[in-house]
Amino acid sequence: MSSPLEVKVTDIGDFKDVPVIEIHVKPGDTVKAEDSLVTLESDKATMDVPSPAAGVVKELKVKLGDKVAEGSVILLLEAGAAIAAAQPVAAAATSAAAPAPTPVAAPAGSYAGKVDLETDMLVLGAGPGGYSAAFRSADLGLKTLLVERYATLGGVCLNVGCIPSKALLHVTAVMDETQHMSDLGVAFAAPQVDLDKLRAHKAKVVAKLTTGLAGMAKARRVDVVRGYGAFLDAHHIEVEETTGTAQEKTGAKKVVKFQRCIIAAGSAAVHLPFLPRDPRIVDSTGALELRAQPEKLLVIGGGIIGLEMATVYSTLGARVEVVEMLETLMQGPDRDLVKVWEKQNAHRFDKIMLKTKTVAVEAKADGLWVKFEGAQAPAEPQRYDMILQSAGRSPNGRKIAADKAGVTVDERGFIPVDSQMRTNVAHIHAIGDVVGQPMLAHKAVHEAHVAAEAAAGQKSHFDASVIPGVAYTNPEVAWVGLGEDAAKQAGRKIGVAKFPWAASGRAIANGAEYGFTKLVFDEDTHRIVGGSIVGPNAGDMIGEVALAIEMGCDAVDIGKTIHPHPTLGESIGLTAEVAHGTCTDLPAPRRK
């Protein structure tokens, strides 16, 4: 009898420590190929690990709450001899680093109706990845058409995500800062919040950027068709036109014929099925509308998006509670960074319920009454004025009729691609959230350039070693590459150096001495493999660490690069000096 097949996770993006939140099988169960085995949850999305083949589950190697990384064994599967020789299966969040999808010939065109527009390159979706793909395609000489359902370019990120949230986070950071100034001899009156003006400020920021994008599209002669796009076959797409400030369908339709296509359809916020439809229950998009100032807010989900919005609402006056089914908040960065964040933000939260889940919500006239279960669940239902559901995002791969074009989409809605961002249909590429973790705009932009260049015939590949992550909370938390926690769990030989900001003149002057910078080095090669920062402007500084990893720098390279003083950024160089024993800004290390 052949040995059982080890079902492994081969790629979950740049995440190294992803919790198992559901197990769908038990020993003895019979499964079919592509059946979901377990569900994982990062800070931005959930993803399934599907079965590579039909067979019988022999042994589970994980339990609820376990954290996995690339190469982790999920279970043992008794399958046929041919299957046992197969490669380990990738998590449903397929990315450019995953095995290339099996190429197929483009399906014969089945659409024979009227065509309204023709183009060399069609880009479906105009988020940061989509518009970057369109602009790069146009720069390479391809006649390009962009399909977008919003009234303006920029997608979720620019219109109702990254940018408006950062506009609000800036305002609330200033408000938080003024509260501490009285200790320094400068007193301000209590802030008076005008929600109408705050909303107008947010809208102005968004409008300035989207207007700029429209101008760049026009200058590049990129055609834009507004609406929802769905494939008719491998060379035609139908667009249901939309209007208004939202996405109302007009009933009008256009058919576009294309030679090449880049799918940049993005993702949507997950709606928890037990939540009633009530205007007081919002996702991140609704939260950014600032419809009202709730007195008591519940955030469902302790990931980055939920905690960023909790920062905004708490500063505006809400009392906030968070419920998270896992044992810690903010999955992704090392726990020592999160502990600093937790200490600095303890005043924001009336309650943080870990290892606890929301099981029922009843909408009443006097509020939203919520029942919890778990380790820290209150015995009785609790009342809230508003609920923010922040339970991750789901890819839109199954919303665009990709099957009609012959494009493979897995059961979670992700589209497998190769290193050129090419799907199994040679002339159709895919990028961004729809191809897998991490669901980040900066990843999508780089993938967009690769897809456009590859479609134009260039030898372009997505081969980023690392992708940084940032929580734009107060303080910010930023990380990239291999984390200390993940390295230790994997048994990898590493060296870790940390520079406390209590020894930084700039941090002390700014009241940020609680922060620190940490670098992780491979013990054998001495090259940097990871880094993290907690404190003001951490997100602005983490790029240097990412560059050092890409360039293969060691501690001497980084430490002997002269950083300006006094800055927070010099902490990166000082951390490297700690690593090779030359730092004179800390007490001398003990001699062995």
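Reply:
**Cysteines and side-chain packing**

Cys-261 is buried, its relative accessible area being 0%. The model is a predicted one, and its mean pLDDT is 89, with 92% of the residues at 70 or more. The stretch of residues 81-98 has a pLDDT below 50, yet in the model this stretch has 52 contacts beyond near neighbours in sequence.

With a cut-off of 2.5 Å between cysteine sulfur atoms, the count comes to one disulfide. The partners are Cys-157 and Cys-162, whose sulfur atoms are 2.4 Å apart. A disulfide is a covalent bond between the sulfur atoms of two cysteines. The link of Cys-157 and Cys-162 is left-handed, with -130° about the S-S bond. The two partners fall into separate accessibility classes: Cys-157 has 13% relative accessibility and counts as buried because the limit for that class is under 20%, whereas Cys-162, at 31%, counts as partly exposed. Cys-553 takes part in no disulfide; the nearest cysteine sulfur belongs to Cys-583 and is 18 Å away. Cys-553 has a relative accessibility of 17% and therefore counts as buried, the limit being under 20%.

Helix H14, residues 570-580, is largely enclosed by the rest of the structure, because eight of its eleven residues are buried. These buried residues are Glu-570, Ser-571, Ile-572, Gly-573, Leu-574, Thr-575, Ala-576 and Glu-577. They pack against strands S27 (494-500), S28 (516-522) and S29 (528-534), and also against helices H12 (538-551) and H13 (555-559). Just after H14, Gly-581 adopts a positive phi of about 75°. Another contact to note is that of Lys-498 with Phe-516: the charged end of Lys-498 sits over the ring of Phe-516, 4.4 Å from the ring centre.

Aromatic rings are treated next. With ring centres required to lie within 6.5 Å, the count comes to four aromatic pairs. In one of them, Tyr-131 and Phe-135, the ring centres are 5.7 Å apart and the planes stand at 45°, so the pair is tilted. Both residues belong to helix H2 (residues 128-139), where they are four residues apart and hence separated by about one helical turn. Tyr-131 and Phe-135 are both buried. Another pair, Phe-372 with Tyr-384, is edge-to-face, at 6.5 Å centre to centre and 90° between the planes. Phe-372 lies in strand S20 (residues 367-374) and Tyr-384 in strand S21 (residues 382-384), so this pair ties together parts that are twelve residues apart in sequence. Phe-372 and Tyr-384 are both buried.

Leaving aside residues up to four places away in sequence, Thr-356 touches Val-323, Glu-324, Met-325, Phe-372, Glu-373, Gly-374, Ala-375, Gln-376 and Ala-377. With a relative accessible area of 2%, Thr-356 is buried, and its side chain reaches the backbone oxygen of Leu-354 at 2.8 Å. A further charge over a ring is found at Lys-364, whose charged end sits over the ring of Trp-369, 5.4 Å from its centre.

How values were computed
Residues numbered from 1 in each chain as written. Predicted model: local features only at pLDDT ≥ 70, side-chain atom pairs only at ≥ 80, totals over all residues. Heavy atoms only, no water. Phe/Tyr/Trp six-rings, centres within 6.5 Å; stacked < 30°, edge-to-face > 60°. Helix = DSSP H or I, 4+ residues; strand = E, 2+ residues; numbered from the N terminus. Buried < 20%, exposed > 50% of the residue type's maximum accessible area, 1.4 Å probe, protein only. Lys NZ or Arg CZ within 6 Å of the ring centre and 35° of its normal. pLDDT = per-residue confidence, 0-100. Contact = heavy atoms within 4.5 Å. Polar contact = N/O pair within 3.5 Å; in protein donor to acceptor, adjacent residues only side chain to side chain.
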